[in-house]
Amino acid sequence: MLISPSIDAAIAGVLGLLVGSFLNVVIHRLPKMLERQWAAECADLQGVAAKEEERFDLVRPRSRCPHCGHAIRWYENIPVVSYVALRGKCSSCAAPIGLRYPVVELATGALFAWCAAKYGITPKAAVWAGFAAMLLALALIDWDTTLLPDDMTLPLVWAGLIAAALGWSGLRLPEALWGAVAGYMSLWTIYQAFKLLTGKEGMGYGDFKLFAALGAWFGWEALIPIILIASVVGAVVGLAMKAMAGLREGKYVPFGPFLAAGGLAAMVFGHAAILSAIGL
């Protein structure tokens, strides 16, 4: 349903701000939830009783200031507005609140608004907005932890295939299926060749799954511009971090954020336009 591009975008943008607030929770908590799960599984394999811990998931406990433990009140958690009203500081201890929180909210709001402006309030807009939100969360989780959780990458693959089957992504199902196959196998092949030649692992399996998801959403032809964008931007960022001595231990930069950036660029500009812009 297309009411008016501006009204559709405004509605979707507000929804995106709310979703962005939730993404901040996912980005912070999901890796910690996985660590707890892995620790419990290791303890079970060793026959050791798992340590009793407070419930910790995407809902409980309530968000708190990491510095003083102040429980965040509902009116301190309004996307962007609360950050501005609090001047970027905890209301209890005045510790700074990371700028990432409002940036993620604004980015999600902008992506949702773009989808609604292009497709109206339709299932197609909804699935692409969901795709964008997942990519944003995966990019930041990988940047923070070098993890691309199966709990997110695999549903993104399936969502791409289902969206194609329902006619919501703009691809036919065979195109989405072979896109997923091409995405996974291309990076898997590069990984195996690099490991054979150097004895080192150049990337993780999460990268294969994320690239498979991008193939499911865009088809195999889009994988070329996506991987070009990811490689170029990743190289530039890596060199800049090296020059500023900002590389983490092991001197590596996670590749997932740049794959996600390539996916978002393909969504906004279209893979054909990207190829044309780089002269291919």
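**Pockets, a buried aspartate and backbone features**

The lining of the second largest pocket receives at least two residues from each of the helices α3, α4 (123-145), α7 (205-218) and α9 (256-269). The model is a predicted one. The points below begin with that pocket and then turn to other parts of the chain.

**Second largest pocket**

- The space in the second largest pocket amounts to about 330 Å³.
- Its lining comprises 17 residues, and those closest to the pocket centre are Ser 169, Leu 171, Trp 217, Phe 218 and His 271.
- By class, this lining holds eight nonpolar, five polar and four charged residues.

**Largest pocket**

- The largest pocket contains about 1,000 Å³ of space.
- It is lined by 38 residues, of which Ser 63, Arg 64, Ile 72, Asn 77 and Tyr 101 are the closest to its centre.
- Helices α1 (5-45), α2 (81-85) and α3 (100-119) each contribute at least two residues to this lining, and α1 provides the largest share, with eight residues.
- The lining of the largest pocket is made up of 20 nonpolar, eleven polar and seven charged residues.

**Asp 142**

- Asp 142 belongs to helix α4.
- With a relative accessible area of 3%, Asp 142 falls under the 20% cut-off and therefore counts as buried.
- The side chain of Asp 142 lies 2.9 Å from the backbone nitrogen of Gly 256.
- Leaving aside residues up to four places away in sequence, Asp 142 is in contact with Leu 147, Leu 148, Asp 207, Pro 254, Phe 255, Gly 256 and Pro 257.

**Helix α8**

- Helix α8 covers residues 223-243, and its 21 residues should span 30 Å at 1.5 Å a residue; the C-alpha atoms at its ends are 30 Å apart, so the two values agree.
- The buried residues in α8 include Leu 223, Pro 225, Ile 226, Ala 230, Gly 234, Gly 238 and Met 241.

**Backbone features in loops**

- Most peptide bonds are trans, and most residues other than glycine have a negative phi.
- Arg 60 and Pro 61 are joined by a cis peptide bond, with omega about -10°; Pro 61 is located in the loop between α1 and α2.
- Ala 94, which is not a glycine, has a positive phi of about 65°. It sits in the loop between α2 and α3 and is partly exposed, at 44% relative accessibility.
- Thr 146 also has a positive phi, near 60°. This residue is in the loop between α4 and α5 (150-165) and is partly exposed, its relative accessible area being 35%.

Technical notes
Residues numbered from 1 in each chain as written. Predicted model: local features only at pLDDT ≥ 70, side-chain atom pairs only at ≥ 80, totals over all residues. Heavy atoms only, no water. Helix = DSSP H or I, 4+ residues; strand = E, 2+ residues; numbered from the N terminus. Expected span 1.5 Å × (residues − 1). Buried < 20%, exposed > 50% of the residue type's maximum accessible area, 1.4 Å probe, protein only. 1 Å grid on protein atoms, 1.4 Å probe; cavity = no way out; pocket = protein on both sides within 12 Å on 5 of 7 lines; lining within 4 Å. Points joined across faces, edges and corners; volume = space filled by probe spheres on them. Nonpolar A, V, L, I, M, F, W, Y, C, P; charged D, E, K, R; others polar. Polar contact = N/O pair within 3.5 Å; in protein donor to acceptor, adjacent residues only side chain to side chain. Contact = heavy atoms within 4.5 Å.
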